[in-house]
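Biologist: I'd like to walk through this chain with you. Can we take it piece by piece?

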Amino acid sequence: MKALARNFLYVLKFSLIKAYNLIAHIKAYHDISVDTDTGVEDHEKPRLKSHLAKYQLSRPIGPCSTVCFAPSKSVYFGFGGKVVPCCFNRTYVYGVYPQQSVGEIINNRSRKELQKSLSSNNFSNGCEHCRRQIMDGNFNGVEARLYDKLKGHKDFPTEMIFELDNNCNLECVMCTEVFSSTIHRINFGNAINPSPYNSDFILQLKPYLKHLKVAKFLGGEPFLIKMYYEIWQILIKENPHCVIELQTNGTVFNSQIEELLGKGRFQIGVSIDSLIPEKFEQIRKNASFNQVISNLERFIKLTSKRGEYVNVSVCPMQQNWEEIPDILRFCNKRNIFICFNTVYTQGFAIQEMNSDMLLKVLQHYKKAKIRINSYISWRNTRAFNDLISQIERWLFKKTEAEKELIPRWPFMREELLTPIKLKLGSDYEIYEKMLAFAVSGMPEEMLLNDKQKQMLADIKPEDLIYFLKNESPDSLKQRLINFLQKTSFDLD
């Protein structure tokens, strides 16, 4: 009952804030400027502008003066001592520990500079993930919205995210050695380089911990990273109201964890990508499905006692796309929030599928019957609908790309030499015999697709001369064969 009352007040509070921001920040969704370096081509700027307006209206606190508050409210302590804005922007580096102190990094001017550029809807400084999510219509998948509800402080970040070590007991198939010490050990014979974060880091961090509203812990597997336990104890003792969020694979649970969850404001995210035990264990290699589900129930029981919650994090992939509606229903039934991650790993990413398969995924999701009978089920369904919007965008882009590959322009073999003659000018006679041999591997008549036709038009004279000077006739011939068969001049 206590948790229900708190959730009601929470929703009411942010509904009032959203109503105020709809009036106070009308320019954020009514008069959007995308004239700065947004990182997109000019022909895509109208779509970015229209989707920014929709995104602003979808935000939990309503429209805001900036598209993202991460630089001003949060810092992300990543692998190797790099401190960055968030998990998706690892290229814009505020500083590196221990070359710079925690205080020097937090007070670095680059945080303010990035905040200024984001206030102009400039995504070009490493913020491409959120720009893509916005343009694809997957507003719930926009990392930036996670910083909306954080209270700001002029002198201190109110959130810190920790990714201090990659110690992990699993070999998830879509993961890499960067995030799993087990995969790194298998691939390279040893664990990743020792973490630069040490006891001095804890001492430097301590003055900032008491100002935090939220502290997030990632890995690896957070429950296997020893330094996290030290930080949790400090937070529980000196800042008991701070929300402690962590993302776990759900395989680790013991009396120490049980005791911690009974003291702190822990909100636990558990990774579950399948409800079929065999498939789950194929994806989350080394994990036991039954153990993870059992631990999920323990996490729910312990966090709910303190009025906190558990969420399930799902990676929709080529290997499990059919199960996504079932996992959504499972979460709705258990009253658990669901989060859909965008997977980019080659061989697993849904956006790699051809248009026929993407259409099949889309139809499967649109036919899914999802019952909405609570606030959480409504939130979860909204996230699912955003996933559908994202796949619709992927389908459109894939269909357009495939159109370019439909052979429809008739060409004679000799016609291929015409643009080459024009580009070489008086140098053509020098390479005439070599070019005649190269095109001899092509059929007399052929059909080129849009992309191939454009590739011929885009060949630069200097590149052409370079290849003619440095390639053998046989390799040049193979490049032209690959161009016709694979729409690529690259050699195998």
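Biologist: Let's start with Asn335. Is Asn335 buried, partly exposed or exposed?

Modeller: This is a predicted model, so keep that in mind. Asn335 is partly exposed, with a relative accessible area of 45%.

Biologist: Where does Asn335 lie?

Modeller: Asn335 sits in the loop between helix 14 and strand 9, which covers 337-340.

Biologist: And what is phi of Asn335 near?

Modeller: Phi of Asn335 is near 60°. That is a positive value, and the residue is not a glycine. Most residues other than glycine have a negative phi.

Biologist: What about Asn286? What is its phi?

Modeller: Asn286 has a positive phi of about 90°, although Asn286 is not a glycine either. Asn286 is found in the loop between helix 12 and helix 13. Its relative accessible area is 46%, so Asn286 is partly exposed.

Biologist: Which residues does Ala287 touch?

Modeller: Leaving out residues up to four places away in sequence, Ala287 touches Leu170, Thr251, Phe280 and Glu281.

Biologist: What share of contacts in the whole chain joins residues at least 24 apart?

Modeller: Take contacts between residues at least 6 apart in sequence. Of those, 72% join residues at least 24 apart.

Biologist: Okay, zoom out. How many helices and strands does the chain have?

Modeller: The chain has 21 helices and 11 strands. Its C-alpha atoms fill a box of roughly 85 × 55 × 50 Å along the principal axes.

Biologist: What percentage of the residues is buried?

Modeller: Buried residues make up 48% of the 492 residues. The accessible surface of the chain is about 24,600 Å². Carbon and sulfur atoms account for 54% of that surface.

Biologist: How many positive and negative side chains are there?

Modeller: There are 65 positive and 55 negative side chains. The centres of the two sets lie 10 Å apart.

Biologist: Now pick a helix. Which residues of helix 15 are buried?

Modeller: In helix 15, the buried ones are Ser355, Leu358, Val361, Leu362 and Tyr365. Seen down the helix axis, the buried residues of helix 15 fall within an arc of 120°, so they line one face.

Biologist: Which residues are exposed on the other side of helix 15?

Modeller: Asp356 and Lys367 are exposed there.

Biologist: What covers the buried residues of helix 15?

Modeller: The cover includes helix 14 (324-334) and helix 16 (375-403).

Biologist: How many residues does helix 15 have?

Modeller: Helix 15 runs over residues 355-367, so to speak 13 residues. From first C-alpha to last, helix 15 reaches 18 Å, close to the 18 Å expected at 1.5 Å a residue.

Biologist: New topic. Is Arg111 buried or exposed?

Modeller: Arg111 counts as buried, at 9% relative accessibility. Arg111 lies in helix 6, residues 109-118.

Biologist: What does Arg111 touch?

Modeller: Beyond residues up to four places away in sequence, Arg111 touches several residues, including Pro71, Ser72, Lys73, Tyr94 and Pro157.

Biologist: And Ser313, where is that found?

Modeller: Ser313 is found in strand 8, residues 310-314. Ser313 is buried, with a relative accessible area of 5%. Setting aside neighbours within four places in sequence, its contacts include Gln247, Val270, Asp273 and Cys339.

Biologist: What kind of peptide bond joins Gly219 and Gly220?

Modeller: A cis bond, with omega about 10°. Gly220 is in the loop between strand 5 (214-217) and helix 10 (226-238).

Definitions and conventions:
Residues numbered from 1 in each chain as written. Predicted model: local features only at pLDDT ≥ 70, side-chain atom pairs only at ≥ 80, totals over all residues. Heavy atoms only, no water. Helix = DSSP H or I, 4+ residues; strand = E, 2+ residues; numbered from the N terminus. Buried < 20%, exposed > 50% of the residue type's maximum accessible area, 1.4 Å probe, protein only. Contact = heavy atoms within 4.5 Å. Areas by Shrake-Rupley, 256 points an atom, 1.4 Å probe, with all protein chains shown as cover. Lys, Arg positive; Asp, Glu negative; His and termini not counted. Charge placed at Lys NZ, Arg CZ, Asp CG, Glu CD. Expected span 1.5 Å × (residues − 1). Arc of directions from axis to C-beta.
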